[in-house]
Amino acid sequence: MSDWVLIGVPTSAGAHHAGQDLAPAALRAAGLLDRLQARGVPVSDAGDLPGSVFAVDAGHPRYRNVGAVVSVARRVADFVASQPEQGPRLLVVGGDCTITLGVVAGMRRRHPGVGLAYVDGDADLSAGRPDDSGILDSTGIAHLVGLATSELATFGGPAPLLAPSRLALVGCDPREVGEPEREYIAGHAISYAEAAELSADPEGVARRALAHLRPGPAAPVIVHFDVDMIDSGYLPLGNYPHYGTGVRLADAVRCLRILTAHAACTALVLTEVNPTHDPGGELLAEYADAIANVLS
């Protein structure tokens with residue numbers, strides 16, 4: 001069984017509001033490490049990278065707080081790139097979704113062919129149009145593939161940081177994917193599966209994503225998991241709610257087990273958990289237990 005090293009990224013700089021910055025500490029307190037070790041998963045804790053907390057940025061309505069988001073992403077990229085080639089796999093605990101850009105940027109310094117399985121309720125292809133919110137959380141994929149044009153698109157090298165063909169979008173809420181995004185997905189060889197497909201066949205969707213990404217020694221895979229892929233009627237931990245998708249936490253576990261079990265999976269990135277939505281801690285414990293089940 002592969003070893004894992006946990007690194008926390010306590011940031012909400014790219015989010016709609018504060019809260020995700022509290023997730024690394026809250027998940028440790030909920031027993032994530034203890035649950036992993038109890039299931040025989042070798043894991044060490046590397047602590048937290050410096051993070052950043054949400055701030056209102058009315059002066060940059062297209063790309064809000066981009067300076068802070070880029071700073072955090074650079075720190076993540078440097079940490080990822082500093083890890084030994086044959087070292088433990090990374091469990092990156094955020095934090096908002098923009099931390100995944102740092103993981104991709106750091107991994108591609110050694111492996112330009114890195115792939116990304118993006119298990120998320122949103123496609124995050126918002127490209128910073130004047131009528132968009134400007135919240136960078138919703139633009140992560142657009143920045144990775146070079147659709148968006150802020151400095152977040154090039155902080156890790158020339159755009160695109162990720163070739164569209166090296167991307168699999170898994171579990172999207174179809175109500176959050178507009179026609180322009182669908183046209184882009186269809187025209188750029190991106191693997192795409194919606195929430196209903198995932199809940200009907202979690203393992204099959206994961207295997208199709210891996211078949212598309214063709215993982216191997218020269219083409220490792222990063223797995224991103226945004227908790228908002230889970231129907232908020234069952235697990236309202238996500239910073240941005242998705243009600244009515246029908247996806248349960250058990251469905252996500254079945255999908256993620258297939259993705260992370262592949263030998264080419266080098267990192268699992270956990271995003272969007274907002275502990276302020278769970279003052280009693282019961283949902284955080286349920287989520288931590290699910291992640292331990294995924295990696296065991």
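Helices (H or I, at least four residues) and strands (E, at least two) are DSSP runs, numbered from the N terminus. This is a predicted model, in which local features need pLDDT of at least 70, side-chain atom pairs count only at pLDDT 80 or more, and totals for chains, interfaces and linings use all residues. Residues are numbered from 1 along each chain as its sequence is written, and side-chain values use heavy atoms, with hydrogens and water left out.

Strand E1 spans residues 4–9, and six of its six residues are buried. Buried means under 20% relative accessible area, exposed over 50%, and partly exposed in between (1.4 Å probe, protein chains only). In a regular strand the side chains alternate between the two faces of the sheet. Trp4, Leu6 and Gly8 point one way from E1, while Val5, Ile7 and Val9 point the other way.

Two strands pair if DSSP finds at least two bridges between them. E1 pairs in the parallel sense with strand E2 (residues 43–48) over four bridges. Valine 5 has serine 44 as its bridge partner in E2. E1 also runs parallel to strand E3 (residues 89–94), joined by six bridges. Here tryptophan 4 stands opposite arginine 89.

**Strand E7 and the crossover**

Strand E7 (residues 221–226) is mostly covered, with six of its six residues buried. Val221, Val223 and Phe225 lie on one side. Ile222, His224 and Asp226 lie on the other. Strand E4 (residues 115–119) pairs with E7 in the parallel sense over five bridges. Glycine 115 stands opposite valine 221. Strand E8 (residues 265–271) runs parallel to E7, with six bridges between them. Phenylalanine 225 is bridged to leucine 270 in E8. From E7 the chain crosses through helix H9 (residues 249–261) to E8 in a right-handed β-α-β crossover. Right-handed here means that, with the strands pointing away from the viewer, the path from the first strand over the helix to the second runs clockwise.

Serine 232 sits in the loop between E7 and H9. It counts as buried because its relative accessibility is 5%. Leaving aside neighbours within four places in sequence, serine 232 contacts Pro241, His242 and Tyr243. Contact means heavy atoms within 4.5 Å.

**Helices H8 and H9**

Helix H8 (residues 202–213) packs on H9 at an angle of about 35°, with the axes 8 Å apart. Axes are lines fitted to C-alpha atoms, for helices over the stretch in contact, and angles run from 0 to 180 degrees between N-to-C directions. Among the H8 residues that meet H9 are Ala206, Ala209 and Leu210. On the H9 side, the residues include Cys255, Ile258 and Leu259.

**Backbone exceptions**

Most residues other than glycine have a negative phi, and most peptide bonds are trans. The table lists exceptions.

| Site | Feature | Value |
|---|---|---|
| Glycine 94 to glycine 95 | cis peptide bond | omega about 15° |
| Alanine 159 to proline 160 | cis peptide bond | omega near 0° |
| Alanine 189 | positive phi | near 55° |
| Glutamate 272 | positive phi | about 75° |

Glycine 95 lies in the loop between E3 and helix H4 (99–108). Proline 160 is in the loop between helix H5 (140–144) and strand E5 (167–172). Alanine 189 is in the loop between helix H6 (179–187) and strand E6 (191–194). With 47% relative accessibility, alanine 189 is partly exposed. Glutamate 272 lies in the loop between E8 and helix H10 (282–295). Its relative accessibility is 2%, so glutamate 272 counts as buried.
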